[in-house]
Amino acid sequence: MSSGSPHPHDAAQPDEPLSEAAQDSGLHVLDPEPEQELETIREDSPLLAASDSDGSNGGSSAGRRQVADPSQATKSVWYLTLLTLSIGGLQIAWSVELSNGSPYLLSLGLSKALMALVWIAGPLTGTLVQPYIGILSDNCRISWGKRKPFMIGSTIGTIFSLLFLSWVKEIIGSILSLFGIQGDSDFAKTTIIIAAVIGIYVLDVAINALQAAIRAFIVDCGPAHQQEAANAMASRLIGVGNILGFIAGYVNLTKPLWFFGHTQFQILCAIACIALTITIVISCAFVHERDPRESGTSAPKNPGVFAFFVTLFKSIKRLPPQIKRVCQVQFCGWVGFFPLLFYSSSYIGEIYVQPHLEKNPHLTPDQLDELYEQATRIGSFALLVNSIVSLLTNVLLPFFIAPTYDSQTAISQPAPAYQERRDQKRTMLDRLHIPGFTLNRAWFGSLVLFAGAMLCTLVVRSVEAATALIGIAGVTWAMTLWAPYAIISAEISRRDVLQRAQKHLPAAREPAELAPLERLPSGEMATVVEDGEEHDEAGVIMGIHNMAIAAPQILANVGSSIIFKIWQKPRGTPGDKSIAFVMAIGGLFVLASAFFVRDLDEKSPSPRSVGDDEEHAVVPHE
């Protein structure tokens, strides 16, 4: 690269007037040369114009070129599918644990009172593991990528944990038999239960580590202007994986797939391991991840336990405003989502048994067990309805939402060529977009819908109506799997691209000239990436976001236990509305989260924050 100083250029007048934001920020517009093939970064952020970096261009005005980033070229639907396929395999493994873990542990002899200690494993490990794995992967400097080593390592851990958990009775029994301990003794049963609970915790650690790596992988390998589409694809695959895992759990597989195991749970775990392996291998093999050594920075030292918490709190304090608001939405919202995930089938079941208990208040224990078993199956059907509604929402709704964070193309061209290219790419599906129906507004509406449905649980007393309420909540669940990840991913990817671009720009440019701008809630303009500012990458930010999801689940678990302790009636007693009360309180928290969504800025990731003219590069005054 030439070390000569840049030549000044006169600003050409744009065809259209600049926006007020551009005028107020002291920006002017450069018309692209018609004969020049511009190489730009269009990352839903202000464009960065480079000075003369090619000595052959000398003082020619054509020497001003913009930095090219091949990784930001628009990707096909097939690429986005391959990129996000691994999260579908992960969801199958997770659905096997969630849908079959409790019955399996109960069959081993674990009491219901201790079950809460098991279910808190997921939120607890999610709060701590994902941020730590995020920091480790951000610091990784292996040639084949930052995230792939952790994806592969976590996949191996998940597979071993699933297989150990499903065969724990046989494994522990065989080990104890070497010491002459009978498998049906109290000591053996207690040992098996302890080993199973440890297996659950290890499995949750592995799954959370894998999820952290996959989410960061999607951010890193998906173009910044396609993060909304990539996360929509991820939410669809999560829905497919959830339904496949749900259906497999309710089909008797012991006869056709006897070679995978002796029990249903062993067979399900084997299927989950195979599905997870295939999807992870495909994503890692067909999606190229940038070599982290190309950044030119040495590998940072991985923090110890104390340093980890110090680093984590520093990262939380410097979260970008947009991401911080999303975390606030998630923290409030997940207090309300927790009862839906864990108590909705029990809520349906309680409604189902009410008339039977009123007619026959003195049922025998065996009759009660049979009644509640039937109630569990009916409650499970409501979960199936919820999953189907969620999947249909994930598949269909993106066609009607106007692109909010994907509204810019990755590679811009001279104005006529760019306009022609944009017109050619407009399809019939693009015409389905509803003007003004943005991702943020859809998310807000879904949260209000969820709150209304949960408040209705207090008055609904029929199985059909209750099933409809749980099904309606599937719309909100679909948006929860899509909107927050799309917004955060777009913000992270945009900043990452801008930072890489600044490193490749000639040193002759002043730092103030290179700093892209974004609009603050107050309306003022501020730099996105300051020169010398410590910069958090995708891993730690996605980990912090997961903390905002996992921590409220712990609070909801504790709060629900307190409410059940006060208002829950004994099993077999009619009139128990404690679960409906918990779900209604959760609805109020989700309603509060909806108002945080209203504060999200739909324009901050976009060039329109600074200038409205898509056909020109916006640069600060020389």
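A contact here means heavy atoms within 4.5 Å. Among contacts in the protein chain with a separation of 6 or more, 82% join residues 24 or more positions apart. This is a predicted model, in which local features need pLDDT of at least 70, side-chain atom pairs count only at pLDDT 80 or more, and totals for chains, interfaces and linings use all residues. Residues are numbered from 1 along each chain as its sequence is written, and side-chain values use heavy atoms, with hydrogens and water left out.

**Overall make-up**

The protein chain holds 19 helices and four strands. Both are DSSP runs numbered from the N terminus: helices are H or I with at least four residues, strands are E with at least two. Of the 622 residues in the protein chain, 53% are buried. Buried means under 20% relative accessible area, exposed means over 50%, and partly exposed lies in between (1.4 Å probe, protein chains only).

**Confidence**

pLDDT is the predictor's confidence in each residue, from 0 to 100. Its mean over the protein chain is 76, and 73% of the residues reach 70 or more. Where pLDDT is low, the predicted coordinates should not be read in detail.

**Helix α11 against helix α14**

Two packed helices are described by the angle between their axes and the distance between the axes. Helix α11 (residues 321-359) and helix α14 (residues 439-456) pack at about 30 degrees, with axes 12 Å apart. The axes are lines fitted to C-alpha atoms over the stretch in contact, and angles run from 0 to 180 degrees between N-to-C directions. The α11 and α14 crossing is left-handed; that is, the near helix is turned anticlockwise from the far one by less than a right angle. On the α11 side, V326, V329, Q330, G336, F337 and L340 take part, meeting W443, L447 and F450 of α14.

**Other helices**

Helix α15 (residues 463-480) has 18 residues and reaches 26 Å from its first C-alpha to its last, close to the 26 Å expected at 1.5 Å a residue. The expected span is 1.5 Å times one less than the number of residues. α15 is mostly covered, with 13 of its 18 residues buried.

Q211 sits in helix α7 (residues 186-221). Q211 counts as buried, at 13% relative accessibility. Its contacts include L90, W94, Q130 and N546, with residues up to four places away in sequence not counted.

D369 belongs to helix α12 (residues 365-396). At 40% relative accessibility, D369 is partly exposed. The C-alpha atoms of D369 and G572 are 9.6 Å apart, across 203 residues of chain.

**Cysteines**

A disulfide is a pair of cysteine sulfur atoms within 2.5 Å. The whole structure has zero disulfides.

| Cysteine | Nearest cysteine sulfur | Distance |
|---|---|---|
| C221 | C284 | 9.3 Å |
| C269 | C273 | 6.6 Å |

C221 is buried, with a relative accessible area of 5%. C269 is buried too, at 0% relative accessibility.
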